[in-house]
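Open the model in your viewer and keep the selection tool ready.

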Amino acid sequence: MSITLVGKILIVEDSPSELELMSRYLQESGYNVIKAAGAKEAMEKALLESPDAIVTDVVMPGMSGFELCRSLKKHPQTEKLPIVICSSKNLEIDRLWAMKQGADAYITKPYTRENLLRTIKSVVIRNS
């Protein structure tokens, strides 16, 4: 028996091509997608639209995905929101740092559709 989860996912990615690819993967799997091109926009959308999870890049102009994660985990309205860090940084220290900032999962680029969906499902189930 498989479990199908449909929810609202906020994607934070400054690369338009990565943003579209991830959006397509999630929408084709039944998720509603909210897009943000940077951390500041993501903070606003997280507060206004109450997503079920956030997937964020690390390297972005202005505020990094690590800083975004830390800010979301400190805010009472978003502190329990599952966060997946999705980055091309694939050193163990990056993964450890992400978890120390409050991330629930860390996946590296390039990722597969299955890897992305499995990771999102696991953090949403864990936090439901």
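Which residues of helix α3 (residues 65-74) are buried? Select Gly65, Phe66, Leu68, Cys69 and Leu72; buried means under 20% relative accessible area with a 1.4 Å probe, protein chains only. Looking down the axis of α3, you find these buried residues within an arc of 160 degrees, so they line one face of the helix; the arc is taken from the directions from the helix axis to the C-beta atoms.

This is a predicted model, in which local features need pLDDT of at least 70 and side-chain atom pairs pLDDT 80 or more, while totals for chains, interfaces and linings use all residues. Residues are numbered from 1 along each chain as its sequence is written, and side-chain values use heavy atoms, without hydrogens and water.

Now show what the buried residues of α3 pack against: β1, α2 (39-49), β3, β4, α4 (92-100) and β5. Contact here means heavy atoms within 4.5 Å. Helices (H or I, at least four residues) and strands (E, at least two) are DSSP runs, numbered from the N terminus.

Next, select Ser64, which caps the N-terminal end of α3. A side-chain oxygen of Ser64 lies 3.3 Å from the backbone nitrogen of Phe66.

Move on to the sheet. Its 5 strands are ordered β2-β1-β3-β4-β5, open and parallel; strands pair if DSSP finds at least two bridges between them.

Finally, select β3 (residues 53-56) and β4 (residues 83-87), joined by 3 bridges. Thr56 has Ile85 of β4 as its bridge partner.

How values were computed. Buried < 20%, exposed > 50% of the residue type's maximum accessible area, 1.4 Å probe, protein only. Polar contact = N/O pair within 3.5 Å; in protein donor to acceptor, adjacent residues only side chain to side chain.
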